[in-house]
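Me: I'm new to reading protein models. Can you walk me through one, feature by feature?

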Amino acid sequence: MKLSLFHSLQNPCRLYLLPFKSRTLNPTQLAQFSTHPQQQISHQPHNKSISYSNLLSQCVASKSVRVGKQVHAHLIRFGFSQDSTFRNHLINLYAKSRFFGHARNLLDQCPEPDLVAWSALISGYAQNGLSREALSAFHEMHGLGVKSNEFTFPSVLKACSSSKDLRLGMQVHGVVYVTGFESDEFVANALVVMYSKCGEFGDTRKLFDVMQERNVVSWNALFSCYVKSDFLLEAMDLFEEMVLSGVRPDEYSLSSIINVCTGLGDGRRGRKLHGYVVKLGYDSDLFSANALVDMYAKAICLEDAVSVFEEIAQPDVVSWNAVIAGCVLHNCHGRALNFFRQLGGSGIRPNMFTLSSALKACAGLSFEKLGRQLHSFLVKMDTESDSYVKVGLIDMYCKCEIMTDARLLLNMMPKKDMIACNAVISGHSQMAEDIEAVTLFPEMHREGIGFNDTTLSTVLKSIASMQAAKVCEQVHALSIKTGFLSDRYVINSLLDAYGKCGQVENAGRIFEECKTEDLVAFTSMITAYAQYEQGEEALKLYVQMLHRGNEPDSFVCSSLLNACANLSAYEQGKQIHVHILKFGFLSDAFAGNSLVNMYAKCGSIEDAGRAFSEVPQRGIVSWSAMIGGLAQHGHGKEAINMFNHMLGDGISPNHITLVSVLCACNHAGLVTEARKYFESMKELFGVVPREEHYACMIDILGRAGKIQEAMELVNTMPFQANASVWGSLLGAARIHKNVELGERAADMLLVLEPEKSGTHVLLANIYAAAGMWDKVAKMRRLMKNNQVKKEPGMSWIEVQDKVHTFIVGDRSHLRSRDIYVKLDELLDRIHKAGYVPMVENDLHDVEQSEKERLLRYHSEKLAVAFALIATPPGAPIRVKKNLRVCVDCHTAFKFICKITSREIIVRDVNRFHHFKDGSCSCGDYW
């Protein structure tokens with residue numbers, strides 16, 4: 001609050017000079033006196049009081065201490081120094097001019113200093129911010145029995161306000177009440193200000209309501225209390241009440257209420273107040289102009305803020321700070337630095353707030369060099385140790401990715417604070433230095449530094465990147481203990497972290513318990529469900545989200561499309577596509593790429609192609625999704641053509657694209673082409689082959705029967721062969737019935753992945769194909785002894801927006817009877833058409849008829865039979881299988897698609913099989 005505007009505290013004539021009739025001397029007269037003092041003063045008794053009084057009053061008004069000292073010397077010379085009137089004038093001059101030693105000496109020289117002398121000293125202390133000294137003088141005066149009056153109380157109350165000494169303020173209020181000065185306008189205003197400054201809203205309002213005469217100072221004091229108590233709407237109403245009561249606002253009222261508009265973000269009222277400022281003639285007032293610049297920058301429009309700033313005749317550092325901070329707020333960092341440069345040429349010295357905004361601009365633009373220059377300037381100003389400035393420097397170095405200097409600054413802080421630590425944690429997190437970010441958090445805790453929702457959210461982001469589930473649980477427990485689990489940002493961060501750590505159950509529990517309904521929470525949960533193969537739950541939650549009135553964004557749609565892709569839920573994927581069109585996300589890269597991926601994984605490579613053609617700006621992700629889709633569907637040559645088209649468009653492949661290209665060669669049996677891409681990928685594209693590239697190339701060679709070449713590649717690659725490599729070799733051994741290779745690959749896989757049942761099953765298949773039933777039995781015993789359970793074959797099919805699940809021999813479906821009748825009918829028909837069950841891969845050492853019975857009811861056959869009775873004639877049948885489709889089912893589907901005139905699309909763990917007109921798109925090469 002601009003207490004300098006309080007009349008009781010700025011009018012020395014009213015306070016102390018009422019006995020004197022002074023006239024105003026201009027600066028020229030004062031200068032003349034300082035040169036020839038003897039010529040300027042008459043020493044006649046009748047006018048000496050008026051002459052000296054005039055001079056000393058003018059010295060007080062202009063704080064001309066040098067002239068005042070000459071007058072003081074003159075008084076001593078001519079024997080007037082003991083005059084109480086002159087002494088009081090001199091005390092007033094010295095106290096107001098901060099020469100407190102001289103003022104106190106004069107007071108102490110008085111045998112009995114009167115009220116005017118004490119009031120002058122107390123007022124000088126109070127006006128110069130020395131509250132403790134003012135209150136000490138008041139105690140001393142009171143102890144000597146000198147009673148205060150309406151001129152003393154405002155100064156004492158101001159000292160109580162500045163020191164926020166409510167207890168003493170209330171005692172002074174009691175004295176005011178007893179002595180009858182409560183009705184005095186200036187004393188009453190000082191009381192309102194005191195209670196307001198001490199945060200006593202109720203007492204402030206009570207005093208204000210009983211005031212007999214309210215002037216603008218009274219209203220301003222109450223404004224201050226409302227704003228300090230964060231009652232911004234009430235402050236706005238109070239301003240309107242003041243105007244209606246006929247009190248004219250002053251520049252303080254207007255600047256305060258403009259700041260209220262800033263706090264409320266109410267640009268409409270802010271514009272009205274701007275008009276009122278102009279109407280009342282305060283548009284040239286610097287306080288009001290600065291408040292307008294700040295309001296426009298924060299609540300409305302940066303351009304309006306700049307316009308007001310440019311109209312200020314002589315902007316001060318506050319003006320420059322407001323416009324520079326406004327530019328930073330609107331992310332116009334270059335413009336902020338341009339204003340900062342102009343400030344340098346204006347002759348005004350920047351303060352730490354200016355430099356703090358300039359540091360933020362440097363951080364936003366990653367201007368390391370300028371940031372270091374500002375750091376040097378702050379060191380010269382000796383403000384580097386200020387915590388506010390230190391945080392700005394740390395943030396700048398973090399944003400410029402100079403974490404070493406940021407940590408050095410943090411460690412140099414005498415007392416680390418939470419904001420500085422948050423800045424460093426955020427810097428580490430943004431640079432993917434997640435271990436450093438997470439380990440700094442317990443260091444904060446050990447040093448007794450507090451934390452807030454920002455700390456927890458940032459730490460949880462790094463935990464999510466590290467997939468550190470145990471650490472996530474610890475932070476979760478700490479959030480519960482400290483009450484942060486009610487914070488929306490912390491809840492959403494926990495959901496995201498648990499989801500990315502694979503703890504979907506924990507994420508779901510938090511989601512249900514905290515009753516969160518915002519879009520971010522739904523997005524985190526839907527993404528977690530989609531990522532960890534709980535697509536049905538993701539789709540259910542999406543419906544729930546829509547019912548609660550939340551509109552999706554492109555990220556939600558992208559996650560839902562991934563869920564549909566994992567489920568092979570083609571129809572539901574099409575519905576999400578409709579929502580993407582409805583909400584205008586088709587131009588979004590995430591949504592467009594997810595559409596391509598969804599249609600490809602749901603078996604419709606044609607729809608994937610159409611979605612790809614509609615992606616406005618195709619990046620490497622778009623091309624990789626389409627090439628990978630073509631590869632999975634067995635369109636190897638088309639995938640390679642697409643790859644060449646991508647290169648023609650100037651898009652360089654990454655390691656994922658090249659994996660897709662090698663997969664395309666693999667599915668199409670293009671060994672020569674695969675070898676060419678593999679051997680030249682580093683030279684042509686700058687991509688060093690990774691483990692997945694080697695695994696893919698070894699798989700290609702193995703499938704093609706080039707076992708020796710595949711083993712040479714295994715022995716010469718620059719790292720140890722992983723499970724993918726040995727899995728490829730085991731698959732090659734199965735295809736070519738190579739028992740020796742199968743055993744070697746299986747031995748390695750049992751060491752690397754002992755819990756995986758697929759190794760045992762594939763090796764057993766190799767033994768069964770070779771008629772080695774004793775070894776098949778041995779493998780079965782090994783699985784039983786090691787408690788390794790074979791993963792059951794499961795198939796999914798989507799019918800009428802619902803996903804139906806089947807396992808071998810499943811009879812739990814509501815239409816189980818109809819399904820088995822239909823399947824038996826189909827098998828009878830394809831037997832007549834030439835189908836012969838492929839029993840050689842069945843691991844059971846039983847009669848052939850029993851093997852045929854076991855093969856008859858595989859999960860994919862049940863899914864196809866259900867589709868034939870539950871979908872319209874001629875509609876494509878889309879089935880997803882969790883394992884590799886077996887040889888017998890593969891053979892059966894070639895017959896079924898022909899006799900039913902249906903296209904059957906099966907997505908197994910390796911690729912897509914399109915069965916149509918009696919053949920499969922894989923060419924029996926899978």
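Me: Is Cys-472 buried or exposed?

Reply: Buried means under 20% relative accessible area, exposed means over 50%, and partly exposed is in between (1.4 Å probe, protein chains only). Cys-472 has a relative accessible area of 0%, so it's buried. Bear in mind that this is a predicted model, where local features need pLDDT of at least 70, side-chain atom pairs count only at pLDDT 80 or more, and totals for chains, interfaces and linings use all residues. Residues are numbered from 1 along each chain as its sequence is written, and side-chain values use heavy atoms, leaving out hydrogens and water.

Me: Where is the place of Cys-472?

Reply: Helices are DSSP runs (H or I, at least four residues), and so are strands (E, at least two), numbered from the N terminus. Cys-472 belongs to helix α30, residues 469-481.

Me: And what is Cys-472 in contact with?

Reply: Contact means heavy atoms within 4.5 Å. Skip the neighbours within four places in sequence, and Cys-472 contacts Leu-460, Ile-463, Leu-494, Ala-497 and Tyr-498.

Me: Which residues have the most contacts inside the largest nonpolar core?

Reply: A nonpolar core is a set of buried Ala, Val, Leu, Ile, Met, Phe, Trp, Tyr and Cys residues joined through side-chain atoms within 4.5 Å. The largest one has 254 residues, and Ile-394, Ile-463 and Leu-729 have the most contacts inside it. There's also a second, separate core of 32 residues, with Leu-862 and Ile-904 among them.

Me: Where is the place of His-633?

Reply: His-633 sits in the loop between α39 (620-632) and α40 (636-648). His-633 counts as buried because its relative accessibility is 0%.
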